[in-house]
Amino acid sequence: MPFPKFKPQGDEALDKIPFQVKVRSGLRERIKAIPGWQSLLREKLEQWVEEWERNIDK
């Protein structure tokens, strides 16, 4: 089975260096079972960082 070619969503390019994090056992499989998990995770990470930056400036 050929590997599907990556097609980014939207017009903004993604960083060429991947972000990696170790998670608890079993969490990786649970996350990957969520449809569209990559884009959802990117959105949540962006929201988390924006919230943190707002709170740090106060």
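Does Glu 12 count as buried or exposed, and at what relative accessibility? Here are a few friendly notes to start with.

1. This is a predicted model, in which local features need pLDDT of at least 70, side-chain atom pairs count only at pLDDT 80 or more, and totals for chains, interfaces and linings use all residues. Residues are numbered from 1 along each chain as its sequence is written, and side-chain values use heavy atoms, with hydrogens and water left out.

2. Glu 12 counts as exposed, at 63% relative accessibility (exposed is over 50%, buried under 20%, partly exposed in between, with a 1.4 Å probe and protein chains only). Glu 12 sits in the segment before α1.

3. The protein chain has two helices and zero strands (DSSP runs: helices are H or I with at least four residues, strands E with at least two, numbered from the N terminus).

4. Of the 58 residues in the protein chain, 0% are buried.

5. Val 21 also lies in the segment before α1 (27–32). With a relative accessible area of 60%, Val 21 is exposed.
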